[in-house]
Amino acid sequence: MASNWLLLRCKCGQSFGARQGTQASCSRCGESSQITTTAVFTDPAKLTEAVANANLPSEISQEIEAKLNEKKRKQLKTRDRANAGMILRILKQSTDERGVLTLKSLRVSLETEGVTEPSPEQIIGMAELQGVVQRTAQDEWKWLA
Ligand SMILES: [Zn+2]
């Protein structure tokens, strides 16, 4: 007697297969009451294929999620390379006795500290945005704070 194979779908979105007549529970969350049958096969190989196809979108989204997490980790790393406290200290170091900061002095301080990112231009830009410094000449900034 040939038995039927069911392609089942859980409310959590997971698709899985089971032999007809068996108590099926979700292979991801274990749920067994809110399962719907989406297809019936007589060939278990066909069922296996159907399960793989049905779960493909979620596998792809997991892959994308993993890639995004990786990107996030890299961004965090970049922030660690020169954190806000360190940048503030470098900005102070680059300021002369008149309270004037130049792009050149900032670049020298960054080189001394071994900071390659962010660039002096980016740091000045951030400091300007935050209202820490104000441009007073072509290549000069004065501290406001
Ligand atoms: Zn489930």
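A word on the model before we start: it is predicted, so local features need pLDDT of at least 70 and side-chain atom pairs count only at pLDDT 80 or more, while totals for chains, interfaces and linings use all residues. Residues are numbered from 1 along each chain as its sequence is written, and side-chain values use heavy atoms, with hydrogens and water left out.

Let's begin with the metal. Which residues hold the zinc ion? The protein donors (N, O and S atoms within 2.8 Å of the metal) are the SG atoms of Cys 10, Cys 12, Cys 26 and Cys 29, at 2.2 to 2.3 Å. Their angles of 102 to 116° make the arrangement tetrahedral, a label that requires all angles of four donors to lie between 85 and 135 degrees. Along the sequence, the spacing reads C-x1-C-x13-C-x2-C. Cys 12 sits in the loop between β1 (5–10) and β2 (15–19), and Cys 29 in the loop between β2 and β3 (35–41), so this pair ties together parts 17 residues apart in sequence.

Now to the cores, meaning buried Ala, Val, Leu, Ile, Met, Phe, Trp, Tyr and Cys residues joined through side-chain atoms within 4.5 Å, where buried is under 20% relative accessible area (1.4 Å probe, protein chains only). The largest has 16 residues, and Leu 91, Leu 101, Leu 106 and Val 133 have the most contacts inside it.

Thanks, all!

Notes:
Buried means under 20% relative accessible area, exposed over 50%, partly exposed in between (1.4 Å probe, protein chains only). Donors are N, O and S atoms within 2.8 Å of the metal (3.2 Å for Na, K and Ca); water is not among the atoms, so sites may look incomplete. Four donors count as tetrahedral if all angles lie between 85 and 135 degrees; four count as square planar and six as octahedral if opposite donors are over 155 degrees apart and all others between 65 and 115; anything else is irregular. Helices (H or I, at least four residues) and strands (E, at least two) are DSSP runs, numbered from the N terminus.
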